[in-house]
Amino acid sequence: ALMQFFFAPLWGKLSDRIGRRPVLMMGLFGFALANFFFGLSPNLLMLYLSRFLGGSLSAAVLPVSAAFVADLTVESQRGKGMAWMGSAAGLGVMVGPALGGMLAEVNLPLTIQYKFFVFDAFSVPFFAAGILALLSLSATVIWLKEPQTSNDDRISIPMTKAFRQIMMRRSFRILLYFSFLVQFAMSLFEGTFALHGKEVIGFGPKEMGLVLMVCGLVMAVAQGGVVSWFIDRIHQKWLLLAGLILMGMSLFLLMIPKTLVLVLTFTALFGLGMAFLIPILATMVSRHSVTGAGAGLGVQNAVNSLGQALGP
């Protein structure tokens, strides 16, 4: 997350200059490479190095994907596009841990060692993630076309000047404050509720897996089926306010219950609040960016990453 904080704005602005497709391809390739490196790492130092590599390169994927959506949708439909993208991310949050958990339990009797690298049962989930990234890269190469935009007059702006122009807008800075707050709360929930569940409620990995699955499922279904329908029909400031209230209220309520049913209920409430906030903030940021959607969404992704790093 810390590497994404530094590199996401640079990748976002670069995509305004040279195009979305090549930057997205670099990000996907870097993400695949980092997962293979992580799976082969035999010690803590190399694990950290793989995360540095993965964070700096994969930082291209999220802001450029969001910029792609902004390019491919007219302004009246942009909220719906961002909601569908958020729904896909929610499905990833739901499926990823479950698939990783199953692959981690694969009883692999084989261990291969070559110089500093070791391939064993630990490597399997990360190689699976790397292979999925390469499949995404292949799909990008074959099917994804560069969007036609009218940002030619903005592409030539130098990066430092572009970021200054973005940050001078008070409305844009306020959106960044909200983005930081949302990701801070999300990572706070993901990073520390497991400790609360274990120490206070007596939850084990199975119960916590269910909690995260419910959160991801609600985010995916709500964004794809509900939020995408009315996000462009209702004033987005009111939806932003509703999402912040739901998120904050559910975090307080999650400290109270001692039963799984109530925890899942308040987790669903938290997921609903996040389902409001993530696509709305991305939509508003893309509309308030004066130097190209890539630069604005890159800055937002950096702020998101800072919240993800500080939350736990």
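The protein chain in this predicted model exposes about 15600 Å², and carbon and sulfur atoms supply 72% of that area. Buried residues account for 46% of the 312 residues in the chain. As for the fold, you're looking at 13 helices and 2 strands. Among the contacts with a separation of 6 or more, 80% join residues 24 or more positions apart.

**The greasy spot on the outside**

Part of that surface is a nonpolar patch made of Val95, Leu99, Met102, Ile131, Leu132 and Leu135, with about 560 Å² of accessible area together. Helices α5 and α6 are the elements that give two or more residues to the patch. Take Leu135, which sits in helix α6. Is Leu135 buried or exposed? Leu135 counts as exposed because its relative accessibility is 52%, and the cut-off for exposed is over 50%.

Not everything in α6 looks outward, though: Val124, Pro125, Gly130, Ala133, Leu137 and Thr140 are buried. And what do the buried residues of α6 pack against? They pack against α2 (20–40) and α5 (78–104). A bit of helix geometry is handy here: with 3.6 residues a turn, residues three or four places apart in an α-helix point the same way. In α6, buried Gly130, Ala133, Leu137 and Thr140 can be read with that in mind.

**Inside the protein**

Now for the cores. The largest nonpolar core has 44 residues, and Phe193, Val211 and Met247 have the most contacts inside it. Several helices each supply at least two residues of this core, including α4 (61–72), α5, α9 (170–201) and α10 (205–230). Helix α12 gives the largest share, 13 residues.

| Core | Residues in the core | Some members |
|---|---|---|
| Largest nonpolar core | 44 residues | Phe193, Val211 and Met247 |

Conventions. Residues are numbered from 1 along each chain as its sequence is written. This is a predicted model: local features need pLDDT of at least 70, side-chain atom pairs count only at pLDDT 80 or more; totals for chains, interfaces and linings use all residues. Side-chain values use heavy atoms; hydrogens and water are left out. Buried means under 20% relative accessible area, exposed over 50%, partly exposed in between (1.4 Å probe, protein chains only). Helices (H or I, at least four residues) and strands (E, at least two) are DSSP runs, numbered from the N terminus. Contact means heavy atoms within 4.5 Å. Accessible areas come from the Shrake-Rupley method with a 1.4 Å probe; for residues, only the protein chains shown count as cover. Patches are made of residues with over 30% relative accessible area and no salt bridge: like charges are joined within 9 Å, nonpolar side chains (Val, Leu, Ile, Met, Phe, Trp, Tyr) within 5 Å. A salt bridge is a side-chain nitrogen of Lys or Arg within 4 Å of a carboxyl oxygen of Asp or Glu. A nonpolar core is a set of buried Ala, Val, Leu, Ile, Met, Phe, Trp, Tyr and Cys residues joined through side-chain atoms within 4.5 Å.
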